[in-house]
Amino acid sequence: MAPSAGHLRPGRYLAFFALIVVVLYALVFFTGSGKATPKLGIDLQGGTRVTLTARTPDGGQPTRDSLNQARQIIETRVNGIGVGGTEVVLDGNNIVITVPGEQGDEAKNLGRTAKLGIREVITSVPNAPAAPPSAPASGAPGASGTPSAPATAPSKPGGGGGAEGAPAQQPPSTTPSAPASGQNAGKNPIEEARAVRQAPALMPKDPKNQQEAAAAQAAQQKALAALTCAPNAADPLEGNDLPNQPLVTCGDKDATKYVLGPEIIPGTEIANANSGYDQQRGQWIVDLSFKSAGGKTWGDFTSANIGKQAAFVLDTDVVSAPTVQNAILGGNTQITGKFTQTDAKNLADILKYGSLPLSFDSSDATTVSATLGYASLQAGLIAGAIGLAVVFVYCLFYYRLLGILTIWSLVLSGLLVYAVLVLLGRWIGYTLDLAGVAGLIIAIGITADSFVIYFERLKDEIREGRTFRSAVPRGWARARRTILASDAVSFLAAAILYVIAVGDVQGFAFTLGMSTVLDLVVVYLVTHPLVAMVSTSKSKFLSNPRNLGLGAVQKLGSQRKSTRPAPGRRANVKEA
């Protein structure tokens, strides 16, 4: 037998719900340093989101440790942009970078491997498609002029520099032609590129042996002819070149092709890097400080190779190829080139924070203006307001005073959802995007559906001839099973969608599942106790069935009750 409404003690349920709300909003306003607003995605506030997909030299799955290390390095690079609210998260084998506001363009190239190495320039030739500068001979000064600062290793102007945003900072623009023979058939692109551009035959074992030198020169010419330098072309060797082998690559914004010797100094020997403006030359530069071993190697190399070129190679792209004019001791040097202030700063930051353990391809890059984000947010709020207004009108028209209880329950549910969204944004970095707003709007219907189920069960009980007071506990006992089953199905669907989906669809599934759970909290702790309080009220206005939208069903219940025989009485039957 269902318990009576008087035994429910609705005040305790409502007090417990009030305690939950007070605790949540105490956490919202008195903890954390952020604003008391949900964390919005870039489609609602504007910004840039870049998805980087990891790739390995052998085409296998990257390890979790390498992905975490890459995420930490990229996060450090992102923080170097100086924009608040940035976020770097792992999503399977992807790293998703989110930069709010108008300064997100710099994030589009943060996935560069940033593998720096210093190599000796063996020879260089102009790239045919570009306006060719005069090609220097081996050891000759750069084509665009010879820098004059004697204490540093100045650069051949034209070498692009840093990372994010400038044309020189696009992913390496070198791609070799496919091998003519079938000797590399079946190999992956990295192996094919190494076979052409890092062949040991490019360097003679004995430079004094004329036969070996001639063979090496022929191999160099063949490799240079097979190399195509074109803007925005992907380089399979980016971050995958072998440091102990020669390298044929591009530089000077694809204007020059280089044949470089094995790596002299790796980027790991860089202790610090800073950008600055050289007043004498009128250009931006990057100052490097080497560690002790790297500084000694650099001093020995510059002492023995005065008049020759040394190439600073970033992800297989020659960003600077200075001519050594004298010995550079002390462990400091410079990278110069046609850098803007942003180029120089970004290059310095990348070199300072280190290279990535993996190579990444930018599989998706999305930029949303702040104006468009605000318009999307406004449209989402308007859609939600219209949905609420339609539910309110329906409830008031069909359920009257019970409809007011429905509206009050929806308002309390909204307060609960808002607080949870704010706290989830602080605790786990959850961002509310446009898909999430859609999930919240649909959740309004799920919550209203629970109320409809409950109220229709009450009508069924009253049609059977029961009073409103006695119908409440019986109707609730039947309705809650249906409400639990309905919400369980909705939550299960949202959970499955969240697991198998990616991107924006996950935001939709998350808010839908979260709202479904909070719907149960509101129905159990608010809606049912309020209905029970109304059923036990001594107010004639509240107890009037017509004011509750139950007048018609109560009249029908009374008619049915009057036609039933009284309990314990039987019709008289006259014996024959």
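## Sheet and covering helix

Helix H6 (residues 292-304) lies across S10 and S13, and its direction makes an angle of about 115° with S10. The model is a predicted one.

The sheet is open and consists of three strands in the order S9-S10-S13, with antiparallel pairing. From one strand to the next, the twist averages 25°. Strands of a sheet pair through backbone hydrogen bonds, in either a parallel or an antiparallel manner. Between S9 and strand S10 (residues 283-290), the antiparallel pairing extends over eight bridges. Asp278 has Gln283, in S10, as its bridge partner.

Strand S11 (residues 310-314) pairs with strand S12 (residues 317-320) in the antiparallel sense, over three bridges. Leu314 has its bridge partner, Asp317, in S12.

The two strands S11 and S12 form a hairpin, with two residues between them. In the turn, Asp315 has a positive phi of about 55°.

## Second largest cavity

Two cavities of 30 Å³ or more are present in the structure. The second largest cavity holds about 40 Å³ of space.

The lining of the second largest cavity is formed by Lys115, Leu116, Gly117, Asp241, Glu263, Val313 and Thr316. By class, this lining comprises three charged, two polar and two nonpolar residues. Val313, one of the lining residues, lies within the range of S11 (residues 310-314).

## Second largest pocket

The second largest pocket contains about 700 Å³ of space. It is lined by 24 residues, of which Leu381, Gly414, Val417, Leu421 and Leu440 are the closest to its centre.

Which helices each supply at least two residues of the lining of this pocket? They are helix H8 (370-399), helix H9 (401-427) and helix H10 (434-463). H9 gives the most to the lining, with seven residues. In terms of residue class, the lining of the second largest pocket has 17 nonpolar and seven polar residues, and no charged residues. The lining of the second largest cavity, by contrast, includes three charged residues.

Note on methods
Residues numbered from 1 in each chain as written. Predicted model: local features only at pLDDT ≥ 70, side-chain atom pairs only at ≥ 80, totals over all residues. Heavy atoms only, no water. Pairing = 2+ DSSP bridges. Helix = DSSP H or I, 4+ residues; strand = E, 2+ residues; numbered from the N terminus. 1 Å grid on protein atoms, 1.4 Å probe; cavity = no way out; pocket = protein on both sides within 12 Å on 5 of 7 lines; lining within 4 Å. Points joined across faces, edges and corners; volume = space filled by probe spheres on them. Nonpolar A, V, L, I, M, F, W, Y, C, P; charged D, E, K, R; others polar. Axes fitted to C-alpha atoms, helices over the stretch in contact; angles between N-to-C directions. Contact = heavy atoms within 4.5 Å.
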